[in-house]
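This briefing covers one protein chain, shown below.

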Amino acid sequence: MCSSDLSRVSPHPSDRAKRVRETVKFAPDVLLHLCGAQEWSRARDRGGIRPDASGSGAVAQYIHLSTPEQVHLPANRLYRGRDDLVLLHVDPALLDSPLRWEPGVTTDPESMLFPHLYGPLPVRAVINVTAYPPGPDGTFPPAVGPADPT
C-alpha cells in the first residue's frame, strides 16, 4: 500500500504536489470528489467539506477522493441513478491535510488504490465543478479526459 503524509511536507503547494507524485507514481494533477449539488452549495458557504459531513451519522476519518478513471466505481456503488451529482475537481497541491492512497472495497479491482484526504477539503482546492449525470441505465461512466469549466 502506498501512502503519502502531506502533513510532513513543505507547506509550499508545489513542493507538496511534487512529493505526492514522487511517492505515488500514478498521482494525477487533479483528483475528484463526488457529491450532491446541494452538498456542494452548503460546503461553499462553510468554506469546505469536513470528513464527518457525510450525513451517515458515523464520523468518517477521511474524505473519499478518486482519480477520473476510478470515480465511476464509488458512484455506481453508492449513487446509482442519482441525477444531482457533481464532480469537484481538486488540485492536490492546494490540500493542507494528509492525502493517503489506500485500497478501496473488496469489489474494486485488485491493487487499486484510492486517494483519501485525512482532513477538510477546502473550497480553495476545488478548481472546477462539473455535472456528473448517469447514463440512461442509471450507471456512471469513468470521468476521463479534460474537464470543461462550468
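In which strand is the place of Leu34? Leu34 sits in strand β1. The model is a predicted one, and the points below begin with the chain as a whole before coming back to this residue.

**Fold**

- The chain holds three helices and eight strands.
- Read from the N terminus, the order of elements is α-β-α-β-β-α-β-β-β-β-β.
- The chain has 150 residues, of which 41% count as buried.
- Among contacts in the chain with a separation of 6 or more, 73% are between residues 24 or more positions apart.

**Largest pocket**

- The volume of the largest pocket is about 620 Å³.
- The lining of this pocket is made up of 33 residues, and those closest to the pocket centre are His33, Leu34, His64, Leu78 and Tyr79.
- Two or more lining residues come from each of β1 (31-36), α2 (37-46), β3 (63-64), α3 (72-78) and β6 (113-117).
- Strand β1 supplies the largest share of the lining, five residues.
- Sorted by class, the lining consists of 18 nonpolar, eight polar and seven charged residues.

**Nonpolar cores**

- The largest nonpolar core is made of 19 residues, and Trp40, Leu88, Leu95 and Leu121 have the most contacts inside it.
- Elements giving two or more residues to this core are β1, α2, β4 (85-90), β5 (99-103), β6 and β8 (126-131).
- The most residues in this core, three, are given by β4.
- Leaving out residues up to four places away in sequence, Trp40 touches Cys35, Val86, Leu88, Val123, Val126 and Val129.
- Another core, of eight residues, lies apart from the largest one; Leu34, Ala75, Leu87 and Tyr132 are among its members.
- As a general background, nonpolar side chains tend to be buried together in soluble globular proteins.

**Leu34**

- Leu34 has a relative accessible area of 10% and is therefore buried, the cut-off for buried being under 20%.
- Beyond residues up to four places away in sequence, Leu34 touches Val71, Pro74, Ala75, Tyr79, Leu85, Val86, Leu87 and Tyr132.
- Leu34 and Leu65 are 31 residues apart along the chain, and their C-alpha atoms are separated by 7.5 Å.

**Leu121**

- Leu121 is located in strand β7.
- Why does Leu121 count as buried? The relative accessibility of Leu121 is 2%, and buried means under 20%.
- Neighbours within four places in sequence aside, Leu121 is in contact with His33, Gly47, Gly48, Ile49, Ile63, Leu88, Val90 and Leu95.
- Of these contacts, Leu88 and Leu95 are named with Leu121 among the residues with the most contacts inside the largest core.
- A span of 70 residues along the chain lies between Leu121 and Pro51, whose C-alpha atoms are separated by 8.2 Å.

**Ser66**

- Ser66 is placed in the loop between β3 and α3.
- With a relative accessible area of 5%, Ser66 is buried.
- Apart from neighbours within four places in sequence, Ser66 is in contact with Leu31, Leu32, Val71, Pro74, Phe114 and Pro115.
- From Ser66 to Leu87 the distance is 10.0 Å, C-alpha to C-alpha, and the two are 21 residues apart in sequence.

**Aromatic pairs**

- The count of aromatic pairs comes to two.
- Tyr62 and Tyr118 have ring centres 5.1 Å apart and planes at 50 degrees, so this pair is tilted; the planes of a stacked pair are under 30 degrees apart, and those of an edge-to-face pair over 60.
- This pair links distant parts of the chain, 56 residues apart: Tyr62 is in the loop between β2 (48-49) and β3, and Tyr118 is in the loop between β6 and β7 (121-122).
- Tyr62 has a relative accessible area of 22% and is partly exposed.
- Tyr132 and Phe140 form a stacked pair, with 4.9 Å centre to centre and 25 degrees between the planes.

Note on methods. Residues numbered from 1 in each chain as written. Predicted model: local features only at pLDDT ≥ 70, side-chain atom pairs only at ≥ 80, totals over all residues. Heavy atoms only, no water. 1 Å grid on protein atoms, 1.4 Å probe; cavity = no way out; pocket = protein on both sides within 12 Å on 5 of 7 lines; lining within 4 Å. Points joined across faces, edges and corners; volume = space filled by probe spheres on them. Helix = DSSP H or I, 4+ residues; strand = E, 2+ residues; numbered from the N terminus. Nonpolar A, V, L, I, M, F, W, Y, C, P; charged D, E, K, R; others polar. Core = buried A, V, L, I, M, F, W, Y, C linked by side-chain atoms within 4.5 Å. Buried < 20%, exposed > 50% of the residue type's maximum accessible area, 1.4 Å probe, protein only. Contact = heavy atoms within 4.5 Å. Phe/Tyr/Trp six-rings, centres within 6.5 Å; stacked < 30°, edge-to-face > 60°.
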